[in-house]
Amino acid sequence: MLDIPLPRRLQGPGNMLHLAFRPEQFIARQTAVAPIHQVVMPWFSPYLVADPELIDEVLVGRSKLFIKDRFTRDLSLVTGNGLLVSDGDFWRRQRRLAQPAFHRERIASYATVMVDHAERLASTWREGQVLDIHAAMMRLTLDIVADTLFSTGVDRAIADTIGGALDVIMARFSDYTYAFLPWLAGLPLPKNRRFHEARARIDGAIRGIIAARRASGRDEGDLLSMLLRARDEGGQMTDEQLRDEAFILFVAGHETTALALSWTWMLLSQHPDAWDKLRAELDHVLGDRPPTLADVPALRYTDWVAHESMRLYPPAWSIGREALEDLELGGVAVPRGAQLWMFQWAAHRDPRYFPRPEAFEPERWDGDLLKKIPRFAYFPFGGGPRLCIGNNFAMLELVLVLATLARRWRPVVRPADRPRPQFSITLRPAGGMRATLQRR
């Protein structure tokens, strides 16, 4: 698509259509042009930053010269002004208040809960059962984040409410017509009505959990209790701030891990040799018992599988920033207000750092690969001051859940059921992911 060079007056609409209908092609083609270059789009022309060293400058070296890009800030329609979208002193304060819940010692205490929930799910599966493995992983990680961060179970009705509403919201943000025609959001269209209804349902569910905790007055020692009690020179969080942070950590906290697990099952289905090596490791390390926190260092191949899955299918597939002042980056003049896009989807496929980049090869992570490549050749959790607050939580969950379920079951995603990636806020499998369960 669009292989013939277009006149400049047609490049904007052409690039917009290419991004909307062939995002993989658009990202691969545009990031191969130069380490940084401007792409003509209708109404605005973003700068694509493809070189790891330049990405390092934006996200780390000169991070104070940038804020979140306009598309990320648009998420505040759903998330409020939580950690994902806030900036400046307000973001720094909220990050300090939330950070204690993600200290290594506290995360380690979550390991048993993660395994218990995965074991409970595995006990409900049946040989030959056909299910949407993505939906199953979403429910599992929702239960885990509710239990570990908010010390509360989520009943089926609330889980279905959140899951269905998230589907509507993700579909809205994967519709690029809103990005290029933002005035559409103000029209009384059916899709806009569904979006607002979905946002209200999630908001009601989160506020209900917070209200129940306030009413109980109990200190559960979890994140919600800490946020309720947290004080600094600015006082306590308002109810609105509390809702915003709870929303980000509750909803976004399970979405990305579920996606990483879903794509991992698909990749293992396509590569039986990798599945056999994973099984051999689990048999050797675990035998007939579930994993524990103490087993994690020995589950090396399991960890490689998780890293390789997130290399090929990073749940967070892009990062955006906006320049706060005129600056120069990689020899290119970048004006104040410019939008900068950086794509994990492309960086993780750079053959300079990942030979045979389209191949699923967990063994490539042997020998501390992360120490041998640039910091932003692989960055599934972002980087710099805005590094995902839950990155260690997510990696522990990935390894333990994968080990727990794969010890007993093999979800098989057949070639005909392989979903295409949906480039929305996150990288979702379009239409879910159908799998057939095979008992170990």
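Helices and strands here are DSSP runs numbered from the N terminus, a helix having at least four residues. The model is a predicted one. Keep that in mind at each stop.

**Stop 1: the second largest pocket**

Select His-307, Phe-381, Asn-391, Asn-392 and Met-395. These residues lie nearest the centre of the second largest pocket. In total, 26 residues line this pocket. Its space comes to about 670 Å³.

Now colour the helices around it. Helix H7 (104-109), helix H16 (300-312) and helix H18 (391-406) are the elements that give two or more residues to the lining. Which of them gives the most? H18 does, with 5 residues.

Next, colour the lining by class. You will find 17 nonpolar residues, 6 polar and 3 charged.

**Stop 2: the largest cavity**

Rolling a probe the size of a water molecule over the atoms shows where empty space is left. How many cavities of 30 Å³ or more does a search of the whole structure find? The search finds 1. The volume of the largest cavity is about 40 Å³.

Select Phe-150, Ile-206, Ile-209, Ile-210, Ala-246 and Phe-250 to see what lines the largest cavity. Helix H12 (190-216) and helix H14 (239-270) each supply at least two residues of this lining. The top contributor is H12, with 3 residues. By class, the lining of the largest cavity has 6 nonpolar residues, no polar ones and no charged ones.

**Stop 3: salt bridges**

Switch to side chains. Side chains of opposite charge can pair when their charged atoms come close. Across the whole structure, a search finds 27 salt bridges.

Start with Arg-440 and Asp-283. They form a salt bridge, and the closest N and O atoms are 3.0 Å apart. Why does this pair tie together parts that are 157 residues apart in sequence? Because Arg-440 lies in the segment after strand E12 (434-439), whereas Asp-283 lies in helix H15 (residues 272-286). Show the surface here. Arg-440 is partly exposed, at 32% relative accessible area. Asp-283 is partly exposed at 40%.

Move to Glu-358 and Arg-349. Their salt bridge has its closest N and O atoms 3.2 Å apart. Arg-349 is buried, with a relative accessible area of 12%.

Then select Arg-364 and Glu-361. Their side chains meet in a salt bridge of 3.6 Å, N to O. Arg-364 and Glu-361 are buried.

**Stop 4: positive phi**

Go to the loop between helix H17 (344-347) and H18, where Arg-356 lies. Check the backbone angle. Arg-356 is not a glycine, yet its phi is positive, at about 50°. Arg-356 counts as exposed, because its relative accessibility is 53% and exposed means over 50%.

Stay between H17 and H18 and select Asp-368, which lies in that loop. Asp-368 has a phi near 55°, a positive value in a residue other than glycine. At 48% relative accessibility, Asp-368 counts as partly exposed.

**Stop 5: an open sheet**

Finish with strands. Show the open sheet of 5 strands, whose order is E1-E2-E8-E5-E3 and whose pairing is mixed. Which strands are at the edges? They are strand E1 (36-38) and strand E3 (66-68), each of which pairs on one side only. Look along the sheet: neighbouring strands are turned by 30° against each other on average, direction ignored.

Zoom in on E3 and strand E5 (residues 318-323). The two run antiparallel and are joined by 3 bridges. For one example, select Phe-66: its bridge partner in E5 is Ala-323.

Key. Residues numbered from 1 in each chain as written. Predicted model: local features only at pLDDT ≥ 70, side-chain atom pairs only at ≥ 80, totals over all residues. Heavy atoms only, no water. 1 Å grid on protein atoms, 1.4 Å probe; cavity = no way out; pocket = protein on both sides within 12 Å on 5 of 7 lines; lining within 4 Å. Points joined across faces, edges and corners; volume = space filled by probe spheres on them. Nonpolar A, V, L, I, M, F, W, Y, C, P; charged D, E, K, R; others polar. Salt bridge = Lys/Arg side-chain N within 4 Å of Asp/Glu carboxyl O. Buried < 20%, exposed > 50% of the residue type's maximum accessible area, 1.4 Å probe, protein only. Pairing = 2+ DSSP bridges. Axes fitted to C-alpha atoms, helices over the stretch in contact; angles between N-to-C directions.
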